[in-house]
Amino acid sequence: MIQILFFARFREELGVASEQLELDGLSSIGDLLEALCGRGDAWARLFAEDQRVMMAVNQELADRNTILKAGDEVAFFPPVTGG
Amino acid sequence: MNSVSIQADPLDPNHEVDLLRGNDPSIGAVVTFIGLMRDINEGDRVEGLYLEHYPGMTERALQKIVDEANNRWEIQHCRVVHRVGALSPTEPIVLVAVASRHRKEAFLACEFIIDYLKTKAPFWKKETTAEGERWVDARESDDTATLQWQKDD
């Protein structure tokens, strides 16, 4: 089981702030993004390959190649705009 | 000494600089960057701003950035304070203050920290205009600014 968090525009457009998911064969962030994309609608639009998506695993910036393991906290968010 | 704070309360840059300096007589220079809320963006009047962040990761990301600045330059103290929540035009959004023996290191470290913060720390701005609310888009120029600090491996 992993915990997935969504922030800012992603949270609003998906209508969800967090969810729990069984890894079920998903080994990397790239696999997870593909699975989320497969849900269609806003998911497919936001997580399409040409979209700019930032991601973190256990609160450290990550990329599509980052390997997932049970208990991870994964987050997806739009490019950051602080400062 | 390095410290980072995320706060919903207004931030007072002068007070923060006083805290940073303390009574340390080895400091010869303090460089500060203060990011302020503008009342205009993309040609539209902006009435207010809401800053969202990722609690936990934000603090870690900022700490990592100031640690990296310490590795790269000889600096004495470093302080980053970032607002979250609702802000009005003219209010400070972020303060980066760096104290060092000599000015060069403080200038470089300060610019490095704000450039990295803008592309690596999980904050998002939502602004209110006459037409309603909208998320602020990231700027390509911020990515370019970050890239210039990347070392050749």
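Mentor: Before we start, a definition: two strands pair if DSSP finds at least two bridges between them. Helices (H or I, at least four residues) and strands (E, at least two) are DSSP runs, numbered from the N terminus. The model is predicted: local features need pLDDT of at least 70, side-chain atom pairs count only at pLDDT 80 or more, and totals for chains, interfaces and linings use all residues. Residues are numbered from 1 along each chain as its sequence is written, with chains lettered from A and ligands numbered from 1 in the order in which they are written.

Trainee: Thanks! What is the mean pLDDT of chain B?

Mentor: pLDDT is the predictor's confidence in each residue, from 0 to 100. In chain B, 99% of the residues reach 70 or more. The mean pLDDT of chain B is 95.

Trainee: How many helices and strands does chain B have?

Mentor: Read from the N terminus on, its elements run β-α-β-β-β-α-β-β-β-α-β-β-α. That gives chain B 4 helices and 9 strands.

Trainee: In what order do the 4 strands of the open sheet in chain B stand?

Mentor: Let's build it from the pairs. E1(B) pairs with strand E5 (residues 77-83) in the parallel sense over 6 bridges, and E5(B) pairs with E7(B) in the antiparallel sense over 6 bridges. E2(B) also runs antiparallel to E7(B), joined by 8 bridges. The pairing is therefore mixed, and the order is E1-E5-E7-E2.

Trainee: Which strands of chain B stand at the edges?

Mentor: An edge strand here has a single partner strand, so one side of it is left without a neighbour in the sheet. The two are strand E1 (2-7) and strand E2 (29-36) of chain B.

Trainee: How many residues of strand E7 of chain B are buried?

Mentor: A residue is buried if 20 or more other C-beta atoms, placed from the backbone, lie within 10 Å of its own, exposed if 12 or fewer, and partly exposed in between. Across chain B, buried residues make up 33% of the 153 residues. Strand E7 (residues 92-100) is mostly covered, and the buried count is 8 of its 9 residues.

Trainee: Why does the radius of gyration of chain B agree with a compact globule?

Mentor: The radius is taken over C-alpha atoms, and the globule rule is 2.2 Å times the number of residues to the power 0.38. With 153 residues, that rule gives a radius near 15 Å, so chain B agrees with its 16 Å.

Trainee: Over how many bridges do E1 and E5 of chain A pair?

Mentor: They belong to an open sheet of 5 strands with mixed pairing, in the order E2-E1-E5-E3-E4. A:Phe6 stands opposite A:Phe76 in E5(A). Strand E1 (residues 2-6) and E5(A) pair in the parallel sense over 4 bridges.

Trainee: Where the chains touch, how many residues does each give?

Mentor: Two residues are in contact if their C-beta atoms, placed from the backbone, lie within 7 Å. The predictor gives the complex an ipTM of 0.95 and a pTM of 0.95. The contact takes 14 residues from chain A and 22 residues from chain B.
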